[in-house]
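Dear colleague,

Please find below the structure for your records.

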Amino acid sequence: PVEEGTIFTRKQVENLQDLIRHEIFSYGVFRCSNLNETYLELQQKGVKFLMKPGEGFLGQYEAAFTDDSGNWFRLTEDPDAV
């Protein structure tokens, strides 16, 4: 969770939570070496995608998906990903 403390002030927490709520900023980013392949594999396993592979935040090639609790994440292509 985004919480006030040693890293974020109360105002920063409010701003981050607002960005997350409006689906502008995600909870985390995962990397894969082949986005199209990984997208299809995860989709076949039932992962719900909010955004198909395409140009996303800062011009990266990415997709966006949610977990079963409604949290959403980005999946970006990185040829060097393990």
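**Salt bridges and fold**

At 51% relative accessibility, Arg31 counts as exposed, since the cut-off for exposed residues is over 50%. The model is a predicted one. Arg31 forms a salt bridge with Asp78, and the closest N and O atoms of the two are 2.6 Å apart. This pair connects distant parts of the chain, 47 residues apart: Arg31 belongs to strand β1, and Asp78 to the segment after β4. Asp78 counts as buried, with a relative accessibility of 17%.

The structure contains four salt bridges, among them two further pairs described here. Arg74 is bridged to Glu62, with 2.7 Å between the closest N and O atoms. Because Arg74 is in strand β4 and Glu62 in strand β3, this pair ties together parts that are twelve residues apart in sequence. Both partners are buried: Arg74 has a relative accessibility of 12%, and Glu62 has a relative accessible area of 1%. Glu41 pairs with Lys45, the closest N and O atoms lying 3.3 Å apart. Here Glu41 is partly exposed at 39% relative accessibility, whereas Lys45 is exposed at 60%.

As to the overall fold, the protein has two helices and four strands, which follow the pattern α-β-α-β-β-β along the sequence. The four strands form an open sheet with mixed pairing, in the order β1-β4-β3-β2. Strands β1 (28-32) and β2 (48-55) are the edge strands, each of which pairs on one side only. From one strand to the next, the twist averages 20 degrees. Strands β1 and β4 (residues 72-77) run parallel and are joined by five bridges. Within this pairing, Val29 has Arg74 of β4 as its bridge partner. Helix α2 (residues 35-44) packs on the sheet and touches β1, β2, β3 (61-66) and β4; its direction makes about 165 degrees with that of β2.

On the surface, Leu19, Ile24 and Phe25 form a nonpolar patch with about 250 Å² of accessible area together. Leu19 lies in helix α1 (residues 10-21) and counts as partly exposed, at 32% relative accessibility.

Finally, some totals for the protein. Of its 82 residues, 29% are buried. The accessible surface comes to about 6100 Å², and carbon and sulfur atoms account for 51% of this area. The C-alpha trace spans about 40 × 25 × 20 Å along its principal axes. Among contacts with a separation of 6 or more, 41% are between residues 24 or more positions apart.

With kind regards

Methods: Residues are numbered from 1 along each chain as its sequence is written. This is a predicted model: local features need pLDDT of at least 70, side-chain atom pairs count only at pLDDT 80 or more; totals for chains, interfaces and linings use all residues. Side-chain values use heavy atoms; hydrogens and water are left out. Patches are made of residues with over 30% relative accessible area and no salt bridge: like charges are joined within 9 Å, nonpolar side chains (Val, Leu, Ile, Met, Phe, Trp, Tyr) within 5 Å. Accessible areas come from the Shrake-Rupley method with a 1.4 Å probe; for residues, only the protein chains shown count as cover. A salt bridge is a side-chain nitrogen of Lys or Arg within 4 Å of a carboxyl oxygen of Asp or Glu. Buried means under 20% relative accessible area, exposed over 50%, partly exposed in between (1.4 Å probe, protein chains only). Two strands pair if DSSP finds at least two bridges between them. Axes are lines fitted to C-alpha atoms, for helices over the stretch in contact, and angles run from 0 to 180 degrees between N-to-C directions. Contact means heavy atoms within 4.5 Å.
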